[in-house]
Amino acid sequence: MSTPPPPEPAPAAPASTPAAAPAGRGGARRGARTTVVVASMNRREELLASLRRHEGPVVLVDNGSTDGTVEAVREQLPHVDVVALPANRGAAARTIGVERARTPYVAFADDDSWWAPGMLERGADLFDASPRLALVCGRILVGPEERPDGIGDLMARSALGTDDDLPGPSLLGFVACAAMVRRDAFLEAGGFDDVVFFPGEEERLSYDLAAAGHGLAYVEDLVVHHHPSPSRDAPRERQVRIARAALLTAVMRRPWPAVARSLVTTLRSHPEAVRRALPSLRAALRARRPNPPAVEAGIRALRQGG
């Protein structure tokens, strides 16, 4: 299994940016409904800046940093609940953070992203109003110029339409750093797993939430800021990692003809991704549980509509 890139840094917060109000273990705080869960690795200075932007209680899960991240956060931001892992768990670190949280809802953020003011409360209101809603994905604004990233436009035009009991178009995919989840539903669906690792961890979770009857929706007026770090993988490397994740997810959840198509496509476009997937193939097969027909129908509708 290849080692994923660490979460990317956020721009420095202004000196006047206040730290979030103190929270207890697991982000519990009187009146709080949403905990922010951040996974990080070796991005100490950037992380210290971005953590100050979060309005709600925060759980930081450190993926085995060796740059003094854990000590610095504990010293400078004592309100942050820090979970120090001995090694890199990839996206599964977020699942550990959700387990640690004690609020009914959780918002994810990366080192280079944060929710706009008021969004955590807005998201909690949406969950309160829609019992079937398990995940909501917001609109991402990129950089200081606040450019829409384009993914939101695709979600807004979802071929799945909008159900009466959901606050926006239905989804079978999302962007983790722009997502809020209902904690119990997330954990019951297994959270992010160690098979896919990172990136591309969202797809399998989307399928499992939908298979359990939960709703996933895009809401345009939930806003997330993303200031991409210059320390990023080359586009080709990221494409290979995502292709690996898609292939393993297909093995875990798609019918065998779809797995075969995924394998052929990946061999043609990113053969390196197939090689990198092989060490995790046995674990993917152990986790195999094919999607129900309704979820497969949704996948077909989205691919035909796209």
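Predicted model: local features only at pLDDT ≥ 70, side-chain atom pairs only at ≥ 80, totals over all residues.
Leu-51 belongs to the largest nonpolar core, which has 69 residues. Leu-51, Val-73 and Phe-108 have the most contacts inside this core. Strand 6, residues 133-142, supplies the largest share, with 8 residues. A second core of 12 residues is separate, and includes Val-195, Ala-250, Val-274 and Ala-284. In soluble globular proteins, nonpolar side chains tend to be buried together.

The cysteines were examined next. The count of disulfides comes to 0. Cys-137 is in no disulfide. The nearest cysteine sulfur to that of Cys-137 belongs to Cys-177 and is 8.0 Å away. Cys-137 is buried, with a relative accessible area of 1%. Cys-177 is buried too, at 8%.

Helix 7 spans residues 202-211 and packs with helix 12, residues 293-305. Their axes lie 10 Å apart, at an angle of about 125 degrees. Helix 7 is therefore oblique to helix 12. On the side of helix 7, Glu-203, Tyr-207, Ala-210 and Ala-211 make the contact. Helix 12 contributes Val-295, Ile-299 and Arg-303. The residues of this contact divide into 5 nonpolar and 2 charged, with no polar ones.

Technical notes. Residues numbered from 1 in each chain as written. Heavy atoms only, no water. Axes fitted to C-alpha atoms, helices over the stretch in contact; angles between N-to-C directions. Helix = DSSP H or I, 4+ residues; strand = E, 2+ residues; numbered from the N terminus. Parallel < 35°, antiparallel > 145°, perpendicular 65-115°, else oblique. Contact = heavy atoms within 4.5 Å. Nonpolar A, V, L, I, M, F, W, Y, C, P; charged D, E, K, R; others polar. Disulfide = S-S within 2.5 Å. Buried < 20%, exposed > 50% of the residue type's maximum accessible area, 1.4 Å probe, protein only. Core = buried A, V, L, I, M, F, W, Y, C linked by side-chain atoms within 4.5 Å.
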